[in-house]
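The structure is shown first.

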Amino acid sequence: MTTTDAIRKARTERWFVRQGLPHLIDDYSVREDVLTRMFPFLGLVVFLELFLVFGDRWNGWYQAFAFLGGVGLMLGTFALVNRLRRRPLMMMPNRVGAPELFLFLVLPAIPTAIGAPDALGEHIGWIIGANLVILAVGFVLTAWGVISMMRWSIGQVRAQIGDIANLAMKSLPILLIFSAFIFLNAEMWQVANDFTLPYFGLVAALLATIGSLFVFKSVRALAIDLARFSDWDDVRRRCVGTPIEHLVPADDDPPPDAPELGRGSRLNVGMLLFVAQGIQVLLVALLIAGFYVVFGMLTVREGTILQWTTSTELTGSADWAARLPLLGDEVIFTRQLVLVAGFIGLVSGLQFAVQVVTDQAHRDEFAADMTDELRQTLAVRAVYHRCLVEPDE
C-alpha cells in the first residue's frame with residue numbers, strides 16, 4: 001500500500017468512528033483501534049488523579065513538590081515505555097497493551113498514597129478500583145463509538161424534527177383517547193400520591209424495556225440488506241462528500257462485493273439504529289409528558305387534587321407544592337402532577353414505538369432519512385474494502 005492510500009485508509013477509518021460505526025474498520029483491534037483512542041483520556045485521568053496529593057498530609061510547598069514529582073513520574077514512565085517499545089520518547093502509542101494498562105491502574109496511587117501510612121492499602125485499593133471502573137466504562141464507550149453514536153442520533157433528530165412532529169400529530173387522536181382518560185381519573189392520582197420515586201423508577205424502567213424491545217424489532221427489520229449495492233453508480237451517489245469520493249470504481253468494474261457484515265459490525269449498526277430511534281421515541285414521550293404538566297397546572301385545582309388523592313393538605317416538602325400567580329389566581333405544581341404526566345408520557349411513548357414498528361407507512365416515514373445516511377456509510381465501506389483493504393491483502 002502506498003503512503004497516499006495509507007493516509008486515505010486512516011482518514012476513512014476515522015470517518016467511520018465519527019459516524020458511530022467503528023466496527024466497520026477492517027480487522028478492528030482492541031489494542032490498535034480501541035485503546036489507542038482511549039489513551040489521551042486515560043492520560044488525562046492519571047493527571048487529574050495526581051491532584052489527590054493536595055490535602056492535609058503535607059503543608060505548603062511539600063504538596064507542590066509531591067504533585068510535581070507525580071507529574072515527573074508520569075512523563076518519565078511514558079517516555080520509558082516508548083523507549084522499550086522503540087518509539088520516539090513522546091510519541092502517542094500506536095498500540096496499547098498490558099504494560100500501559102497496568103501503569104494506568106497503579107501509577108496514580110504511588111504519589112497520592114505517600115504520606116498516608118495508616119490507610120495505605122485502603123488508599124491504593126480505592127484508586128485502583130476507581131480506575132478499573134473508569135477503564136471498563138471508557139472501553140465500552142470507545143469500542144462501540146457510543147459518544148459519536150449519540151451525536152449522530154441527535155443530529156438525526158434535529159434533521160427530522162418536522163417528521164417526528166407530523167408522526168406525533170398523526171398519532172395524537174389515539175393518544176388523547178386513552179391519555180385524557182388516565183389523566184382525569186381519580187384512581188391514577190391516588191396511585192401517584194402513594195408512589196415513591198424509586199418505585200416509579202421501576203415502573204418507568206419496565207415500560208422503557210418493553211418499548212426497547214419493540215424498537216429493537218424495528219431495528220432488525222431496518223438493518224436487512226442495507227450493506228448490499230447492485231452497482232457502483234448507486235455507491236458513487238452516496239459517497240459524495242466522504243473521504244473516498246474520488247476512489248469509487250468505474251461502472252464497468254466488477255460490482256460491489258464487500259464482505260458481509262460480521263457479528264460485531266451488525267451489532268454496531270443495530271446499536272446505531274436503536275439509539276437513533278430510541279431518542280426519537282423518548283422525545284415524543286417527553287413532549288407529551290410536558291404537555292400534561294402544563295395542562296394539569298391550568299386545569300386541576302388544589303381542591304381537586306386533595307379530593308382525588310384523599311389528602312388533607314399539600315405540603316411543600318413532600319409534594320413539591322409550588323404555587324405560581326397567574327391572571328389573578330394561582331396554578332399549582334405538585335409531585336402527583338409530575339408522576340401522572342410522566343406515566344402518561346411513558347405509556348404514550350410505548351404506544352408510539354409500537355405504532356412505528358407495526359405500521360409500514362409510519363415506519364417508512366420515520367426512518368427513511370436515517371437509513372439513507374446509514375446507507376451512505378455502508379457505501380463508503382464498500383469502496384474502502386475494494387480500494388484500500390483488498391489491495392493490501
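The points below are grouped by topic. The model is predicted.

**Packing of H2 and H4**
- Helix H2 (residues 30–49) and helix H4 (residues 98–106) have axes that come within 10 Å and cross at roughly 25°.
- With angles under 35 degrees counted as roughly parallel, H2 and H4 are therefore roughly parallel to each other.
- Their crossing is left-handed.
- H2 contributes Leu 35, Phe 39, Leu 42, Val 45 and Val 46 to the contact, and H4 contributes Glu 100, Leu 101 and Phe 104.
- By class, this contact has seven nonpolar residues, no polar ones and one charged residue.

**Glu 100 and Arg 87**
- Glu 100 forms a salt bridge with Arg 87, with the closest N and O atoms 3.7 Å apart.
- Glu 100 lies in helix H4 and Arg 87 in the loop between helix H3 (61–84) and H4, so the pair ties together parts 13 residues apart in sequence.
- Glu 100 is buried at 9% relative accessibility, and Arg 87 is buried at 10%.

- Arg 238 and Asp 372 meet in a salt bridge of 3.0 Å, N to O.
- Arg 238 is in helix H11 (residues 232–238) and Asp 372 in helix H16 (residues 360–389), so this pair links parts 134 residues apart in sequence.
- Arg 238 is buried at 19% relative accessible area, whereas Asp 372 is partly exposed at 44%.
- Arg 386 forms a salt bridge with Asp 257, the closest N and O atoms being 2.8 Å apart.
- Arg 386 lies in H16 and Asp 257 in the loop between H11 and helix H12 (263–299), so the pair ties together parts 129 residues apart in sequence.

Notes:
Residues numbered from 1 in each chain as written. Predicted model: local features only at pLDDT ≥ 70, side-chain atom pairs only at ≥ 80, totals over all residues. Heavy atoms only, no water. Axes fitted to C-alpha atoms, helices over the stretch in contact; angles between N-to-C directions. Helix = DSSP H or I, 4+ residues; strand = E, 2+ residues; numbered from the N terminus. Parallel < 35°, antiparallel > 145°, perpendicular 65-115°, else oblique. Left-handed = near helix turned anticlockwise from the far one by under 90°. Contact = heavy atoms within 4.5 Å. Nonpolar A, V, L, I, M, F, W, Y, C, P; charged D, E, K, R; others polar. Salt bridge = Lys/Arg side-chain N within 4 Å of Asp/Glu carboxyl O. Buried < 20%, exposed > 50% of the residue type's maximum accessible area, 1.4 Å probe, protein only.
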